Amino acid sequence: MTQTTALPAGGAARPAGREAPRRSRTVRRGWQAWLFAGPSLAIILVFIAFPIVQSFWFSLHDWKIGATEQKWLGLANYERLFGDPLFWNAFRVTLVFAVVSVVLQLVLGYAAASALQREGLLTRMVRSVFFFPTIVALATIGLVWRFLLDPSIGLVAGITTSFGLPAIGWLQDPALALPTVIFVSVWKNVGFTMVILLAGLKGVPAHLYEAARLDGARGLQLTRYVTLPSIRPTLLFTTMILTINSFQVFDLVYVMTKGGPLFSTDTLVTMMFREGFENFDFGYASAIAWVLFAVIMVLSAIQLRVFRYDDVD
Amino acid sequence: MTTSTESSGAAIIRDARAGGPARGPARTTRRMRRPGAVARRTIAWILLAIGAVVAIVPFVWMVSGSFRTEADLYSAPASLFPGEWTLGGYLRIWSELPFLRVVANSFIFAGVTTLLCLLFDSLCAYALARLEFRGRRLAFWLVIATLMVPSQVTLIPVFVELFHFGWLNTYQGLIIPRATSAFGIFMLRQFFLSIPRELDEAARIDGAGHLRIYAQVILPLAKPALATLAVLHFMNLWNDLLWPLAMTSTTEMRTLPAALTLFGGQHVNDHAVLLAGATISLLPLALAFFLAQRYFVQGVAQTGLK
Amino acid sequence: MRKITTAAAAGIIAAVALSGCSATAPESDGPVELTMLAGFTGGDRAAYEGLVDTFNTTHDDIHVTLEIQPWDSIAQTLPAAWATGQGPDIAAPNFDPNVVANYLETNSLLALDNLGSGDGQIDADVLFPAAVDAFTVDGSLYAVPANVATLQLYYNKALFEAAGIAEPPATVEEFQQDAVKLTADGVYGLSLAERETIQMWPILQWLEGGDIVDATSCSVLDTPEGIESLTVWTDLVKQGIAPVGLTGAESDSLFSAGQAAMQLNGPWAAAGYKDAGIDLGVAPVPTGVDGDVTLGSTVPLAASAKTAHPAEAKEFLAWWTGKEAQKQFALASGFPPVRTDLADDPELSADPVVAAFAAALPSARLYLPGVPEATKVDSEGYVPLIGEITRGADVASAAAKASATINGLTGCK
């Protein structure tokens with residue numbers, strides 16, 4: 001049993017009798033590290049971290065881009081935000097979007113990866129088919145799906161009416177718009193998830209399965225006791241990235257519905273965009289960004305805790 | 001959690017010595033076929049087929065739409081095949097855009113930035129994975145934290161910064177701020193952590209310093225992950241619309257996505273050209289994905305593994 | 001690799017050149033270079049490009065380069081660009097005329113003081129009055145109309161024939177009756193859009209004597225006239241004459257596919273519908289209870305307050321609104337000219353599309369003209385209202401709610 005718990009995905013068991021290798025203590029070469037990490041950290045600090053801090057500064061003002069003087073508001077933007085029903089609506093929409101799409105992507109991505117594990121021409125082709133949606137530019141995806149889902153002239157409408165169902169306004173009905181957008185998002189990203197999970201699966205060594213079978217495990221038990229624990233680190237990485245991305249969803253929603261109808265697909269970043277670039281209220285938009293940042297931070301910390309994942313080596 | 005030692009890298013080496021990569025559960029299934037297994041496999045393939053159809057139908061519509069006249073498109077909008085074929089969409093792109101120029105710009109932007117990303121990300125990941133230094137944890141969290149803020153909100157501060165540097169509408173302004181990526185650093189760090197330290201040790205005994213270990217031990221083993229990252233970065237940069245538009249102001253610097261927006265907008269009266277543009281834009285990425293597929297499977301295997 | 005180094009070298013040279021140029025106004029022998037930015041993508045583009053080309057050929061001393069980008073991108077990049085003294089000399093910042101107020105808040109717009117009827121002067125008196133009003137703040141003109149558009153009634157002649165209707169409707173009653181008659185068999189009588197569009201619902205309200213806001217920017221949606229004007233049409237929509245919840249593009253597609261018999265739309269749509277094979281007719285908007293009315297919209301064209309060449313920029317804007325330019329533009333695009341003194345021009349009258357849309361100018365009203373926070377009034381007040389009532393909400397209470405929202409935004413007491 002030590003084998004399964006002690007292994008990261010893709011690591012094979014060390015044959016019994018061989019000791020764990022000595023941890024090599026790297027001599028503290030502080031300055032060398034800064035040389036290696038320097039370029040990246042410099043770019044990140046200058047072009048990403050500093051602007052992020054600046055945006056916090058913006059959120060404390062009634063920020064008008066280009067004004068010579070900015071009106072100080074303190075935390076007023078945040079107060080207004082927490083009292084704004086549109087904010088809570090956007091929060092709810094984003095939460096639903098994130099939870100559903102991450103779960104669906106993990107499940108479907110895992111299912112596809114698991115089913116397409118074997119190497120072969122057919123599996124490679126099907127994998128490519130699943131990965132295709134990830135490559136296409138978003139603006140086109142919006143256009144194409146809008147056509148396909150049109151309640152009067154779309155392909156989907158044609159199919160549903162041939163089954164005798166009435167024409168359904170997938171993107172027009174406030175109750176259906178969010179599920180539809182989630183569907184398109186999953187459609188677009190499941191290939192990406194599949195590829196990452198596939199690689200994780202490929203790293204699970206065969207003899208673990210054999211050992212488990214010898215113990216009498218079958219089918220789903222194998223998945224539960226061998227596969228999933230072995231790919232836990234991959235699962236963590238994937239879940240974190242998917243969560244972070246889905247909380248920030250914007251482009252897809254923007255090209256499909258711009259947050260409508262009736263704000264039923266208004267996510268936090270869609271609202272942020274509208275406040276910042278259509279209503280010219282950039283301080284308020286920055287406040288939204290920072291609340292989002294805090295939420296994602298908390299969620300990521302929780303995920304790391306739940307997956308019992310310690311970064312420190 | 002365990003501080004892992006033996007890991008995928010060593011596993012591959014060991015397996016290679018043993019004569020073949022470890023396989024998944026599929027192998028043993030064949031030996032112990034049960035009737036339920038066949039039924040389950042069939043259902044699995046049916047579901048996969050449905051999934052594949054759902055994945056591919058929008059494409060088929062898109063590509064076929066790029067060959068249809070407006071009248072044909074609206075006479076049968078749900079049809080997947082052109083009734084009336086036309087090359088008009090593709091011809092318009094060729095004639096109305098400085099096509100070679102914008103494609104070249106896209107390649108330069110996406111290509112150079114990807115290369116720089118690979119370099120800087122791997123260097124930083126090496127530091128985070130292999131070197132102990134004060135502030136390492138902070139640096140790692142800094143990197144992760146930057147993933148959590150939407151890019152729209154940093155657009156304007158960065159624009160103002162580039163303005164102050166005098167880098168607007170320049171190649172360096174376009175490329176350098178994007179020359180590293182938190183996602184890449186995170187991913188490569190995971191990968192490097194899984195490469196056994198014995199290999200480092202062996203090289204160190206031979207007198208190698210960190211730079212040589214990085215270049216001659218880590219990087220070669222990381223080729224799969226690097227290839228994966230390269231394709232993902234290239235794809236994102238190639239499709240990036242807003243960043244090049246925001247940081248450049250002349251047509252000479254336009255990239256392909258920006259050029260294609262000329263045909264879009266609120267009042268579209270020629271869908272063929274839009275869809276043709278999308279199809280053309282897709283081709284280099286599809287090619288890159290096909291070429292790199294073998295690296296994907298092998299390579300991403302090593303990420304997120306600690 | 002060579003390509004990359006060459007490109008990088010080119011980039012560095014360009015950077016050096018550009019950074020050198022930004023500080024001083026070049027004392028050049030060549031023409032003054034102006035850059036112009038606008039969001040006229042798609043079918044509109046050619047007419048604007050043609051106009052800029054004509055300007056360049058007729059003016060040796062000024063050369064204008066037109067950049068087209070999507071409106072969303074302009075919205076994200078222009079404010080910061082103009083604030084830092086970067087960006088184009090001239091731009092159409094948004095298709096919504098109400099953004100002028102936002103750019104004025106940051107003093108980004110050049111005051112156009114070259115007014116008059118002479119050469120190189122903007123003859124504000126003959127320009128579309130609603131546009132001039134919209135762009136004049138505190139007595140100064142800050143933008144000229146890049147275009148002026150009116151909405152007319154597009155109709156599908158084939159569908160009309162099939163339903164046995166000989167003529168397009170002339171009054172609002174006929175309009176409503178025809179819409180009902182034409183709705184059959186998967187075809188809608190009227191293609192309506194509720195969002196992401198040049199608004200159609202204000203016209204429907206005006207036809208029935210209602211309105212959105214009054215002259216003091218207070219909401220009149222919850223007045224008896226307002227509620228009545230909304231209810232009449234909502235009831236018809238519930239009967240099925242029009243689709244619910246469509247965006248502008250979807251509404252256009254519906255008409256293009258021959259699945260709707262009528263639509264209120266602007267001159268930009270004509271070419272597309274003809275390409276799509278529709279047997280197209282254009283008629284004036286039917287006369288409402290208060291007379292002729294339609295919606296007009298105008299796109300502002302302004303100069304940066306920090307442009308290095310204010311004189312030349314103003315000259316360009318003046319030329320843009322001049323007789324020759326407007327005539328060329330109208331004939332090329334089907335839009336009416338922005339000037340009201342070209343009504344008798346024979347060429348323009350002969351062009352059916354131009355004539356039809358120009359004829360509507362005198363009765364055209366802007367959407368939320370001069371209303372504070374107009375973008376929010378639209379996105380948080382009016383659009384949700386239409387969305388709710390067409391989906392079954394009670395008109396009176398929805399109108400009351402929308403009024404409260406709107407008054408809160410505009411500061412009406």
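Begin the tour by selecting α2(A) and α14(A), two helices that are oblique to each other (angles under 35 degrees count as roughly parallel, over 145 as roughly antiparallel, 65 to 115 as roughly perpendicular and the rest as oblique). The model is predicted: local features need pLDDT of at least 70 and side-chain atom pairs count only at pLDDT 80 or more, while totals for chains, interfaces and linings use all residues. Residues are numbered from 1 along each chain as its sequence is written, and chains are lettered from A and ligands numbered from 1 in the order in which they are written.

Select residues 30–59 for α2 and residues 282–306 for α14 of chain A; their axes come within 7 Å and cross at roughly 125°. Axes are lines fitted to C-alpha atoms, for helices over the stretch in contact, and angles run from 0 to 180 degrees between N-to-C directions. Helices (H or I, at least four residues) and strands (E, at least two) are DSSP runs, numbered from the N terminus. The crossing of α2(A) with α14(A) is left-handed (the near helix is turned anticlockwise from the far one by less than a right angle; right-handed if clockwise).

Next, display the side chains at this crossing. Contact here requires C-beta atoms, placed from the backbone, to lie within 7 Å. Six of these residues are nonpolar, four are polar and none is charged. In this classification, Ala, Val, Leu, Ile, Met, Phe, Trp, Tyr, Cys and Pro count as nonpolar, Asp, Glu, Lys and Arg as charged, and the others, Gly among them, as polar.

**Chain A: a second pair and a loop**

Move to α4 (residues 85–115) and α11 (residues 232–247) of chain A, which pack at an angle of about 145° with their axes 9 Å apart. The crossing of α4(A) and α11(A) is right-handed. Select Thr94(A), Phe97(A), Ala98(A), Ser101(A), Val102(A), Gln105(A) and Leu106(A) on α4(A), then Thr238(A), Thr239(A), Leu242(A), Thr243(A), Ser246(A) and Phe247(A) on α11(A), to show the contact. That set holds six nonpolar, seven polar and no charged residues.

Then turn to the loop between α12 (251–256) and α13 (268–278) of chain A, where Pro261(A) lies. The peptide bond joining Gly260(A) to Pro261(A) is cis, with omega about -15°. Phe263(A) lies in the loop between α12 and α13 as well; its phi is near 60°, a positive value in a residue other than glycine.

**Chain B: a helix crossing**

In chain B, select α6 (residues 99–130) and α10 (residues 182–194), whose axes come within 8 Å and cross at roughly 50°. α6(B) and α10(B) are therefore oblique to each other, and their crossing is right-handed. Among the contact residues, show Cys117(B), Asp121(B) and Arg130(B) of α6(B) together with Leu188(B), Arg189(B) and Phe192(B) of α10(B).

**Chain C: overall form and domains**

Colour chain C by secondary structure to see 17 helices and twelve strands. Its radius of gyration is 23 Å, close to the 22 Å that the globule rule gives for 413 residues, so chain C is as compact as a globular protein of that length. The radius is taken over C-alpha atoms, and the rule is 2.2 Å times the number of residues to the power 0.38. The C-alpha trace of chain C spans about 65 × 55 × 50 Å along its principal axes.

Now colour domain 1 (31–149 + 297–366) and domain 2 (152–296 + 370–410) of chain C separately, with bounds from an automatic or database domain assignment. Their C-alpha centres lie 28 Å apart. Between them, 22 residues of domain 1 of chain C are in contact with 19 residues of domain 2 of chain C. On the domain 1 side, α15(C) gives the most, with four residues. That side has twelve nonpolar, seven polar and three charged residues.

**Chain C against chain A**

Finish where 27 residues of chain C are in contact with 20 residues of chain A. On chain C, select α3 (71–83), α4 (99–105), α10 (248–256) and α16 (374–390), each of which supplies at least two residues of this side. The residues of that side comprise eleven nonpolar, ten polar and six charged.

Note on methods
Contact = placed C-beta atoms within 7 Å.
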